[in-house]
Amino acid sequence: VISILFFQVLYVSGLQGQTEEVFKVFCFPSDKIPRIDGEINDWDIVPDNYVIGTDSMTEDEGKHDKPDKNTLDIKVKVGWAKETGRLYFLYEAYDDYWSFTRDDLMVDIFEVVVDGDRSGGPFIDKFYPFKDISKEDAWDLFHGRHAQNYHISTPPKNGDWCMYWGPQQWLKDEPFSKYAYNYNFKEGESGKLILEFYITPFDYASPRGAEYSVQSELWENKLIGLCWAVIDYDNNEGKPKDGFWNLSRHHTMYGNASELRTFKLMPEKKN
C-alpha cells in the first residue's frame, strides 16, 4: 500500500510540470540537418524564439534566488528531423569557473532527460513502485526503459562525453548519439562552451540492445517529455555544488518523467 501511494504521489505531483508552458522543437529540413561538428552555423536557421535560457530555469537547492548571468549563462536550442528520429541540441554556456577534471560526477554537467512518448511515471531504480525486489534487480528490470537520462560532461573528461544513467550503455554511442565540443579554457578558468549533439529517444530501451528496443516515433505537432538541468561546480575539491539549475519545477525530474516539461515537435517551416 505504501509503495502504491508513493507512486501515486510522484505521478500526480509531476503532472503539474506537464501543464505549464509548452516549449518548441525546431524541425530541420532534410537538407539542413546539423552536422554535429562543433561549428554552429547550421543552427542559424533556428529562430531566436526557440532559445531556452537561464531565465527559464530555477536553482532548486536553495543556493540562489535568481540567475546571475555573470557567473552562469545558459542557452539551449532543440531540433528534430523526420528522416532520422533524433533530437538535436545546441548547448551554449558561459561559466565563470569550469570544473571538469575530477574522476567522479562532482563536475559541471548538462543533464538531459527525455520521454519520447510522454508516457510519464518513474523510470529509475529507487523510484520502482514495488519494493519486493532488490535495487539491483530494479536497475535491470526498470531503470531507463521508458525514459532516458544523460549526464553530459561539460567539457568531456578522459575521452568520455557522458554518463548514461542506466544499463542501456549502447545509447551513448553512434548511431544513437553523437557529439562535438568547442571550447578554449582550462580547469578553473572562465569561458564559453559550445556543445552540439543528438540523442535518439526510445519508448522502450532494452539493456540487450537496439534490436530488442522500440524507438520513439516523431511526427509534426507531437508532444514529448523533455527536460534538463545544469549542475554547476565552482571548485575541484569535492565541495558542494554551486547550483542545480533546473528547467523543471520538480527536482526529481531526473527519475520521474511526469515531472518533465512539455515540448512540441513543430512542423517544418515552408519558404
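1. The side chain of Ser216 lies 3.4 Å from the backbone nitrogen of Phe202, and a polar contact of 2.7 Å joins the Ser216 side chain to that of Asp203. A polar contact here is a pair of N or O atoms within 3.5 Å, where within protein one must be able to donate a hydrogen and the other to accept it, and where residues adjacent in sequence count only if both atoms are side-chain atoms. The model is predicted, so local features need pLDDT of at least 70 and side-chain atom pairs count only at pLDDT 80 or more, while totals for chains, interfaces and linings use all residues. Residues are numbered from 1 along each chain as its sequence is written, and side-chain values use heavy atoms, with hydrogens and water left out.

2. Ser216 is found in the loop between β12 (214-215) and β13, strands being DSSP runs of E of at least two residues and helices runs of H or I of at least four, numbered from the N terminus. At 4% relative accessibility Ser216 counts as buried, a term that means under 20% relative accessible area, with exposed over 50% and partly exposed in between (1.4 Å probe, protein chains only). Neighbours within four places in sequence aside, Ser216 is in contact (heavy atoms within 4.5 Å) with Gly116, Asp117, Pro201, Phe202 and Asp203.

3. Arg145 sits in the loop between α2 (135-141) and β7 (148-157) and, at 16% relative accessibility, counts as buried. Its side chain makes a polar contact of 2.2 Å with the side chain of Tyr204. Not counting residues up to four places away in sequence, Arg145 touches Asp140, Gln168, Phe202, Asp203, Tyr204, Ala205 and Pro207. From C-alpha to C-alpha, Arg145 and Ser216 are 12 Å apart in space, and they are 71 residues apart in sequence.
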